[in-house]
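Opened the notebook for a quick look through this one. I'll jot things down as I look them up.

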Amino acid sequence: MAESAAKRLKTGDGGVKIGTHNGHFHADEALAVHMLRKLPAYADSTLVRTRDPAELATCHTVVDVGGEYDASRNRYDHHQRGFTTTFPGRPTKLSSAGLVFLHFGRALVAQRLGKPAAGDEKSESEDEEVGVIWNKMYESFVEALDAHDNGIAAYDPAALAAAGGPEKRFSDGGFTLGAVVGRLNANWNDAAPADPAAAQAAEDARFLAASARIGEEFDRDLDYHVGAWLPARALVRDAYAKRLQFDPEGRVMVLEGQAVPWKDHLYTLEEQQGAEQKVLYVLYPEKPAPDAKWRIQAVPVSKDSFESRKALPEPWRGARDEQLDEVSGIPGGVFVHASGFIGGNKTFDGAKAMAAKAVAF
């Protein structure tokens, strides 16, 4: 099973050897190597970059080369004809990063959470928190690398073409997760050592830098989801359960203690509970202090959207302080953003009154 892959290793006296291909490298194998080396069984591993089948055959684990996917033999390539493996519940074909995360990701998450390993009581294969983070990390990070390496666009090209295609208003610099690694390859006109062994060593050094770079981003994302996103889950669940206390139709949710990452958890709760009436506004204090000012934020139509389910009333937008008090009829106004996605009041009662007027506007 995928969950126990990390426990099948036989490291031997010299540690294990990981193999991947040489030449131009990509984000998927760079991350695959990093993830493996985060696990104790691979901590002292050596790395060989080659396409020589005989040399790869000496490796304990091979990623992104060899034309074979066989977890029982620790072979994790995705380039072979007929390969269609995907992550559970997701449509994107896996790359070497997704394959390694599929088989070793639960162990990585459990290790970060300080949970028991597979084979122990309540192992990572059974732990609900491990499963939540495992799925979330795939969707938020690893899947993008799988799509990038397999040439899968984030948006359906046919649907975009039928709609006339969106006009790109500015450049994003091409800075994607794939580009984080890709730009560390040598340029076409960079000088290379004449000695083949020295040239390979220089290329390998670039790969190790790339693996560390994408690994740093992965580790930071995992730290965030374990240390901040997961603890927020229970707080948002409690706030969602109390929403009818603040609006009879459940359109207002209040985070009473402090602001936490709430969007993912709110959307999940609404989907799980099949709520017909969605939350329109979320209220929270600017800081965890008794005299804190309060914010009212319109819920976006989706996590990364700039469009709100219901923006704050148009007459309030762009107003501040006394002007906001006058146009809203609510004392203590601080501001409302020009787009209406967020506003503030000096007190909780003021923010609650803004929500009451906004839902009825």
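This is a predicted model: local features need pLDDT of at least 70, side-chain atom pairs count only at pLDDT 80 or more; totals for chains, interfaces and linings use all residues.

Started with helix 3, which bends by about 60° at F104.

Next I checked the span of helix 3. Residues 96-113 make up its 18 residues, and I get 24 Å from the first C-alpha to the last. That is close to the 26 Å expected at 1.5 Å a residue.

Is helix 3 buried or exposed, residue by residue? I counted 15 of its 18 residues as buried, taking buried as under 20% relative accessible area, so helix 3 is largely enclosed by the rest of the structure.

Then I looked at what comes after helix 3: G114 follows, and its phi is positive, near 75°.

What is the strand order? I read 6-7-8-10-9, an open sheet of 5 strands with mixed pairing. Strand 6 (252-254) and strand 9 (333-336) sit at the edges, each pairing on one side only. On average, neighbouring strands here are turned by 20° against each other, direction ignored.

Zoomed in on one pair. Strand 8 (residues 294-298) runs antiparallel to strand 10 (residues 342-345), with 4 bridges between them. For W294, I looked up the bridge partner in strand 10 and found N345.

Last entry: what packs on this sheet? I found helix 10 (residues 348-360), which touches strand 6, strand 7 (281-285), strand 8, strand 9 and strand 10. I also noted the direction of helix 10, which makes about 175° with that of strand 7.

Notes: Residues are numbered from 1 along each chain as its sequence is written. Side-chain values use heavy atoms; hydrogens and water are left out. Two strands pair if DSSP finds at least two bridges between them. Helices (H or I, at least four residues) and strands (E, at least two) are DSSP runs, numbered from the N terminus. Axes are lines fitted to C-alpha atoms, for helices over the stretch in contact, and angles run from 0 to 180 degrees between N-to-C directions. Contact means heavy atoms within 4.5 Å. The expected span of a helix is 1.5 Å times one less than its number of residues. The bend at a residue is the angle between axes fitted to the seven residues ending there and the seven starting there. Buried means under 20% relative accessible area, exposed over 50%, partly exposed in between (1.4 Å probe, protein chains only).
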